[in-house]
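Hi everyone, thanks for coming.

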Amino acid sequence: MKRRQGECEMLPAARFPYIDSDPAHPGSSLMPYVPLLLAHGQRTMALTGLLDSGATVNVLPYHVGIQLGLDWVEHTTPVQLTGNLAQAPARAVVLHGTINPFAPVRLAFAWTQLSNVPILLGQVNFFLEFDVCFLRTQAIVELRPKQA
């Protein structure tokens, strides 16, 4: 099929199942978590991040930053969180994130001093790096890297 002028080629997508956030109530607490490899320097961690289209920024819990070798004192750029996290201090950090099978991308996070929050993947900048399609009735989320 010949491409028309201005038509984009669609990059391949990766699909991920929704995950039960409360195993005590299977099926009633399905959430769009995606597997994520975060890296800072020589340290890496395999984690899951919650896709949150309502989150303004990506959020990184304190304990994850510590395990990646971040130092709160060295990161001095403040980030103002909103909503339920508005009172929590947060600092800007940039990490490399990989969602298999895609190439690594730079992800900016608001690293909060709270540890009882999930990794949130929000508008800045996860949704600027990936196109996301929520197929909730099928309990699937589909990701594509941004078009170059």
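This is a predicted model: local features need pLDDT of at least 70, side-chain atom pairs count only at pLDDT 80 or more; totals for chains, interfaces and linings use all residues.

Let's start with alanine 86, which sits in the loop between H1 and E7. A word on those labels: helices (H or I, at least four residues) and strands (E, at least two) are DSSP runs, numbered from the N terminus. Residues are numbered from 1 along each chain as its sequence is written, and side-chain values use heavy atoms, with hydrogens and water left out.

Back to alanine 86. It is partly exposed, with a relative accessible area of 25%; buried would mean under 20%, exposed over 50%, and partly exposed is in between, using a 1.4 Å probe and protein chains only. Setting aside neighbours within four places in sequence, alanine 86 is in contact with Gln80 and Leu81, where contact means heavy atoms within 4.5 Å. And how far is alanine 86 from proline 26 in space? They are 31 Å apart, C-alpha to C-alpha, and 60 residues apart in sequence.

Now to the inside. The largest nonpolar core has 31 residues. By that I mean a set of buried Ala, Val, Leu, Ile, Met, Phe, Trp, Tyr and Cys residues joined through side-chain atoms within 4.5 Å. Leu38, Leu60, Phe109, Ile119 and Phe126 have the most contacts inside this core. Several elements give two or more residues to it, including strand E4 (33-40), strand E5 (43-51) and helix H2 (126-129). Which element gives the largest share of this core? That would be E8, with four residues. As a general point, nonpolar side chains in soluble globular proteins tend to be buried together.

Take leucine 60 as an example. Not counting residues up to four places away in sequence, it touches Leu38, Gly65, Leu70, Val93, Leu95, Phe109, Ala110, Trp111, Thr112 and Ile119. Apart from this core lies another one, of 10 residues, with Leu50, Val59, Leu85 and Leu120 among them.

Asparagine 125, in the loop between E9 and H2, counts as buried at 12% relative accessibility. Its contacts, again leaving out residues up to four places away in sequence, are Asn58, Arg106, Leu107 and Ala108.

Next, the rings. Rings of Phe, Tyr and Trp (its six-membered ring) pair if their centres lie within 6.5 Å; planes under 30 degrees apart count as stacked, over 60 as edge-to-face and the rest as tilted. By this rule the count comes to six aromatic pairs. One of them is tryptophan 72 with tryptophan 111, edge-to-face, at 5.1 Å centre to centre and 65° between the planes. This pair links distant parts of the chain, 39 residues apart: tryptophan 72 is in the loop between helix H1 (62-67) and strand E7 (90-98), and tryptophan 111 is in strand E8 (residues 105-112). Both tryptophans are buried.

Then there's phenylalanine 102 with phenylalanine 130: the ring centres are 5.9 Å apart and the planes are at 50°, so we call this pair tilted. Phenylalanine 102 lies in the loop between E7 and E8, and phenylalanine 130 in strand E10 (residues 130-135). Together with Phe126 and Phe127, these two form one aromatic cluster.

On to an open sheet. Its three strands run in the order E1-E11-E10, with antiparallel pairing, and two strands count as paired if DSSP finds at least two bridges between them. Strand E1 (14-17) and E10 are the edge strands, each pairing on one side only. E1 and strand E11 (residues 140-145) pair over four bridges, and there arginine 15 stands opposite glutamate 142.

Those two residues also lead us to the charges. A search of the whole structure finds three salt bridges, meaning a side-chain nitrogen of Lys or Arg within 4 Å of a carboxyl oxygen of Asp or Glu. Glutamate 142 and arginine 15 form one, with the closest N and O atoms 2.8 Å apart. Glutamate 142 is in strand E11 and arginine 15 in strand E1, so the pair ties together parts 127 residues apart in sequence. Glutamate 142 is buried at 13%, whereas arginine 15 is partly exposed at 47%. Glutamate 142 also meets arginine 144 in a salt bridge (3.3 Å, N to O), and the shared partners join Arg15, Glu142 and Arg144 into one network.
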